[in-house]
Amino acid sequence: AQLLSELEVGDTVLTTSGFYGVVIDIADDTVIVEFGSNKNCRIPMQKAAISAVEKPEDAVEKESK
């Protein structure tokens, strides 16, 4: 529950189906996630379908190590 309450636009998420994407909008219990690098695949889904969240600043720290 805390994971989903801290969800923000720009976060990278892993869905329960195994897809990685970036959150581009949040409304109540629904998020719109963008998949792929072509920016054309934007899918609305329930927040409950998100199993992991990575903040953009966490990814930067991993790359710099």
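Reader: Glu34: buried or exposed?

Author: Glu34 counts as buried, at 9% relative accessibility. Buried means under 20% relative accessible area, exposed over 50%, partly exposed in between, with a 1.4 Å probe and protein chains only.

Reader: What model is this, and which cut-offs apply?

Author: This is a predicted model: local features need pLDDT of at least 70, side-chain atom pairs count only at pLDDT 80 or more, and totals for chains, interfaces and linings use all residues. Residues are numbered from 1 along each chain as its sequence is written, and side-chain values use heavy atoms, with hydrogens and water left out.

Reader: Back to Glu34. Which residues form a salt bridge with Glu34?

Author: Arg42 does, with the closest N and O atoms 2.8 Å apart. Lys39 does too, at 3.8 Å. A salt bridge here is a side-chain nitrogen of Lys or Arg within 4 Å of a carboxyl oxygen of Asp or Glu. Lys39 is partly exposed, with a relative accessible area of 47%.

Reader: How many salt bridges does the structure hold?

Author: Four. In one of them, the side chains of Asp11 and Lys55 meet at 2.9 Å, N to O. Asp11 lies in the loop between α1 (2–5) and β1, and Lys55 in the loop between β5 and α2, so the pair ties together parts that are 44 residues apart in sequence. Helices (H or I, at least four residues) and strands (E, at least two) are DSSP runs, numbered from the N terminus.

Reader: Which residues are linked with Lys55 in a network of salt bridges?

Author: Glu8 and Asp11.

Reader: Is Lys55 buried or exposed?

Author: Buried, with a relative accessible area of 15%. Asp11 is buried as well.

Reader: What backbone oxygen does the Lys55 side chain reach?

Author: That of Glu6, at 2.5 Å. This is a polar contact: a pair of N or O atoms within 3.5 Å, where within protein one must be able to donate a hydrogen and the other to accept it, and residues adjacent in sequence count only if both atoms are side-chain atoms.

Reader: New topic. What is the strand order in the sheet?

Author: The sheet is open, has five strands and runs β4-β3-β2-β1-β5, with antiparallel pairing. β4 (41–46) and β5 (50–54) stand at the edges, each with a single partner strand, so one side of each is left without a neighbour in the sheet. Two strands pair if DSSP finds at least two bridges between them.

Reader: How many bridges join β2 to β3?

Author: Five. Asp25 stands opposite Ile32 in β3. β1 and β2 (residues 20–27) pair over three bridges, while β1 (residues 12–15) and β5 pair over four.

Reader: Where is there a positive phi in the hairpins?

Author: Gly18 takes one near 95° in the hairpin of β1 and β2, which has four residues between the strands. Asp28 has one of about 55° in the turn of the β2 and β3 hairpin, with two residues between the strands.

Reader: Which residues make up the largest nonpolar core?

Author: Nine residues: Leu4, Leu7, Val13, Val23, Val31, Val33, Phe35, Met45 and Ile50. β3 (residues 30–35) gives the most, with three residues. A nonpolar core is a set of buried Ala, Val, Leu, Ile, Met, Phe, Trp, Tyr and Cys residues joined through side-chain atoms within 4.5 Å.

Reader: What about Val23?

Author: Val23 is buried, with a relative accessible area of 1%. Val23 lies in β2. Val23 and Glu8 are 15 residues apart in sequence and 7.1 Å apart in space, C-alpha to C-alpha.
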